[in-house]
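The sequence and the structure come first, and my notes follow.

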Amino acid sequence: STVRGRILLVDDNANGLTARKTVLEELGHTVTPCTNGPDALELASATSFDLIVTDYKMPRMDGIEVIRMVRKQLPATPVILISGFVDALGLTEESTGADAVVQKSSNEIPNLVRAVARLLSRKPSPKVVQSETRAAAAAVGSKKKAV
């Protein structure tokens, strides 16, 4: 049985927002749409969401900044980053701080649905520790490369 969750969906593109919201609601999730980062952060601190899905390219505050702020305010909340530029920009879980990165493509919806199911079924607490160790490992790795 799928775990149903409260999902905050952030995208400045109305079509993308509607399409993803429809799919996620059909799966039984409760979806709160939001069109920009600052509003999303306000909503996230006022309401408890099980998961945040954010687009990468948005005006005023991009998806990476949204993730950085969520990690500060709500470290246990998993975040999925969606982008049309995953490969071009080398966006990975490590480089963005996201729990999952989904490329915009013909496979986006099944990939998004899988990532949502995986993150909602996971126990929330261990992630915080993991991401800190991963971030530390990534920092060490990048220092080595720089030399």
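I began with strand 1, residues 6–10, and found it mostly covered, with four of its five residues buried. I keep in mind throughout that this is a predicted model.

Next I looked up the partners of strand 1. With strand 2, residues 30–34, strand 1 pairs in the parallel sense over five bridges, and in that pairing Val10 stands opposite Cys34. I then followed the chain between these two strands: it passes from strand 1 through helix 1, residues 14–26, to strand 2, and the β-α-β crossover made this way is right-handed.

Strand 1 also pairs with strand 3, residues 51–55, again in the parallel sense, here over four bridges.

In which order do the five strands of the open sheet stand? I read the order as 2-1-3-4-5, with parallel pairing. Strand 2 and strand 5, residues 100–103, stand at the edges and have a single partner strand each, so one side of each is left without a neighbour in the sheet. On average, neighbouring strands of this sheet are turned by 20° against each other, when direction is ignored.

I then went to the pairing of strand 4, residues 79–83, with strand 5, where the two run parallel and are joined by four bridges. Within it, Ile80 stands opposite Ala100 of strand 5.

**The chain overall**

Stepping back, I counted seven helices and five strands in the protein chain, which follow one another along the sequence in the pattern β-α-β-α-β-α-β-α-α-β-α-α.

How much of the chain is buried? Of the 147 residues in the protein chain, 39% are buried. For the accessible surface I noted a total of about 8,000 Å², of which carbon and sulfur atoms hold 57%.

Notes
Residues are numbered from 1 along each chain as its sequence is written. This is a predicted model: local features need pLDDT of at least 70, side-chain atom pairs count only at pLDDT 80 or more; totals for chains, interfaces and linings use all residues. Side-chain values use heavy atoms; hydrogens and water are left out. Buried means under 20% relative accessible area, exposed over 50%, partly exposed in between (1.4 Å probe, protein chains only). Accessible areas come from the Shrake-Rupley method with a 1.4 Å probe; for residues, only the protein chains shown count as cover. Two strands pair if DSSP finds at least two bridges between them. A crossover is right-handed if, with the strands pointing away from the viewer, the path from the first strand over the helix to the second runs clockwise. Axes are lines fitted to C-alpha atoms, for helices over the stretch in contact, and angles run from 0 to 180 degrees between N-to-C directions.
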